[in-house]
Amino acid sequence: MEKNHNVSRRQFLTYTLTGVGGFMAAGVVMPMVRFAVDPLLQADAADDMVDVAAVDELTEVPQAYDLEYEQDQGWHIEQVSETVWLFLEGDEVVALSSVCTHLGCTVNWGTDPDNPEQFFCPCHLGRFERDGNNVPGTPPTEPLHRYPLEVRDGRVFLGTNAQPQI
Amino acid sequence: MLQRIYDWIDDRVDVTPLWRDVADHEVPEHVNPGHHFSAFVYCFGGLTFFTVVIQILSGMFLTMYYVPDIVNAHASVEYLQSDVAYGMIVRGMHHWGASVVIVMVFLHTLRVFFTGSYKKPREINWVVGVLLFFIILGLGFTGYLLPWDMKAYFATQVGLEIAETVPVIGELLYTLLAGGEFIGAQTLTRFFAIHVFFLPGALLALVAVHFIMIRRQGISGPL
């Protein structure tokens, strides 16, 4: 038992030098690693709501509006513009993304002569109902995404991240 | 556990001779500060290598954020220094390390000179060392421009105008280094490429030659 506690001079030096060396290496590498993984640990930017339209302008028929906002990309501010379909569902305002859930083309309202009451994607003939649900038998596999929405003083404010409906 | 993993690998690919050849060799008494404290002067070559390793590491990480373009260079440096966690430290390591490398190289050169270690049979290694010194100066000069601030710009202007005074080929040299008739967008990109690819490549190759020759010829004897 006593024997096992003996540490030879060589072992002692190996342990201490490895330990000290490890601390030194960690001191050098740790700041760099933290520097590199900073994007993972940055707090998410507050999702400011953007004023897009007046409720008065909206109808039952979807109309295209521009959702414009600034995206902070480190040393660069990107001006982003997205097309949003706005319409009234009874008293409620609905904001649908114009990005087709198939492969990301831009959908249009009523441009397919055979289906004037549907969203239509020209790329692969994908179609969506007015509420955004994808028409079975066409390429899209999920409904159009919806924007978070708030109505303040008769104006429509949208969040910048459209959310899946399912 | 670690020992067993090591043994498993060593059993198959026999790595022990590889690292033994690199790491396991005797340090002569006259270069061991444990025997004679004044032997610390023999550490400067190793310290140069150590700081160069830090320069390469911190430089690799800096390029994650840096943009070698006149519109964005300064803004990206400002961003990585003030907004990215530990940015000030990583850039500080690269900034101060650059000066430390030069100081260490200088002290190493003095040691080699005053111990006469450049004499036969080590003349070639002295020449390689001088080439390494020029490469390190080149790294310092090209890196100085990259933040693209006033100091960087005018230091480069002075440097390139010195190059221009070289007889006969001066103007060609200026155009080659500046990438055109004046210091601008093309100079910055060119200096970036030289700083990040060409000179480090040459540095690593020559450092390898430097080290291989030390192992071949051994450390020079005591005074």
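Visitor: Which helix holds Ala152(B)?
Guide: Ala152(B) sits in helix 7 of chain B, which covers residues 150-164. Please keep in mind that this is a predicted model.

Visitor: Is Ala152(B) buried or exposed?
Guide: Ala152(B) counts as buried, because 20 C-beta neighbours lie inside 10 Å. The cut-off for a buried residue is 20 or more.

Visitor: Which residues does Ala152(B) touch, leaving out those up to four places away in sequence?
Guide: With those set aside, Ala152(B) touches Tyr144(B), Leu145(B), Leu146(B) and Pro147(B).

Visitor: And how far is Ala152(B) from Leu206(B)?
Guide: The C-alpha atoms of the two residues are 28 Å apart in space, and 54 residues separate them in sequence.

Visitor: Turning to the nonpolar cores, which residues of the largest one touch the most other members?
Guide: That core has 22 residues, and Tyr66(B), Val90(B) and Leu146(B) are the ones that touch the most other members.

Visitor: Which elements give two or more residues to this core?
Guide: From chain A there is helix 1. From chain B there are helix 3 (44-62), helix 4 (73-82), helix 5 (87-114) and helix 9 (185-217). Helix 9 of chain B provides the largest share of this core, with four residues.

Visitor: What else is there by way of a core?
Guide: Another core, of 19 residues, lies apart from the largest one; among its members are Leu86(A), Cys121(A), Phe128(A) and Leu144(A).

Visitor: Back to Tyr66(B): what does it touch beyond four places in sequence?
Guide: Tyr66(B) touches Ser76(B), Val77(B), Leu80(B) and Leu146(B). Leu146(B) is also among the residues that Ala152(B) touches.

Visitor: How many helices and strands does chain B have overall?
Guide: Chain B has nine helices and zero strands. Its C-alpha trace spans about 55 × 50 × 35 Å along the principal axes.

Visitor: What share of chain B is buried?
Guide: Buried residues account for 25% of the 223 residues in chain B. As for contacts in chain B with a separation of 6 or more, 66% are between residues 24 or more positions apart.

Visitor: What does UniProt place at residues 5-223 of chain B?
Guide: The unreviewed entry places "domain: Cytochrome b/b6 N-terminal region profile" there. In the model, residues 5-223 of chain B are 70% helix and 0% strand, with the end C-alpha atoms 45 Å apart.

Visitor: Where does the record list transmembrane regions in chain B?
Guide: UniProt, in an unreviewed entry, lists residues 39-67, 96-114, 126-146 and 192-214 of chain B. Residues 39-67 of chain B are 66% helix and 0% strand, and their end C-alpha atoms are 44 Å apart. Residues 192-214 of chain B are 100% helix and 0% strand, and there the end C-alpha atoms are 32 Å apart.

Visitor: Now chain A. What is the pattern along its sequence?
Guide: Chain A reads α-α-β-β-β-β-β-β-β-β-β, that is, two helices and nine strands.

Visitor: Why is chain A more spread out than a compact globule?
Guide: The radius of gyration of chain A is 28 Å, well over the 15 Å that the globule rule gives for 166 residues, so chain A is more spread out than a compact globule. The C-alpha atoms of chain A fill a box of roughly 90 × 40 × 30 Å along the principal axes.

Visitor: Which domains are assigned in chain A?
Guide: Domain 1 covers 2-41 and domain 2 covers 50-158. The centres of these two domains of chain A, taken over C-alpha atoms, are separated by 55 Å.

Visitor: Which residues of chain A does UniProt list as a transmembrane region?
Guide: The unreviewed entry lists residues 12-33 of chain A. That span of chain A is 100% helix and 0% strand, with its end C-alpha atoms 30 Å apart.

Visitor: Finally, how many residues of chain A are in contact with chain B?
Guide: 11 residues of chain A are in contact with 15 residues of chain B. On the chain A side, helix 1 (9-36) and helix 2 (38-41) are the elements that give two or more residues. Helix 1 of chain A gives the most, with six residues. The residues on this side of chain A divide into seven nonpolar, two polar and two charged.

How values were computed. Residues are numbered from 1 along each chain as its sequence is written. Chains are lettered from A and ligands numbered from 1 in the order in which they are written. This is a predicted model: local features need pLDDT of at least 70, side-chain atom pairs count only at pLDDT 80 or more; totals for chains, interfaces and linings use all residues. UniProt positions are given in the numbering used here, feature names are shortened, and annotations may be inferred rather than shown by experiment. Domain bounds come from an automatic or database domain assignment. Two residues are in contact if their C-beta atoms, placed from the backbone, lie within 7 Å. Ala, Val, Leu, Ile, Met, Phe, Trp, Tyr, Cys and Pro count as nonpolar, Asp, Glu, Lys and Arg as charged, and the others, Gly among them, as polar. The radius of gyration is taken over C-alpha atoms; the globule rule is 2.2 Å times the number of residues to the power 0.38. A residue is buried if 20 or more other C-beta atoms lie within 10 Å of its own, exposed if 12 or fewer, and partly exposed in between; C-beta atoms are placed from the backbone. A nonpolar core is a set of buried Ala, Val, Leu, Ile, Met, Phe, Trp, Tyr and Cys residues joined through C-beta atoms within 7 Å.
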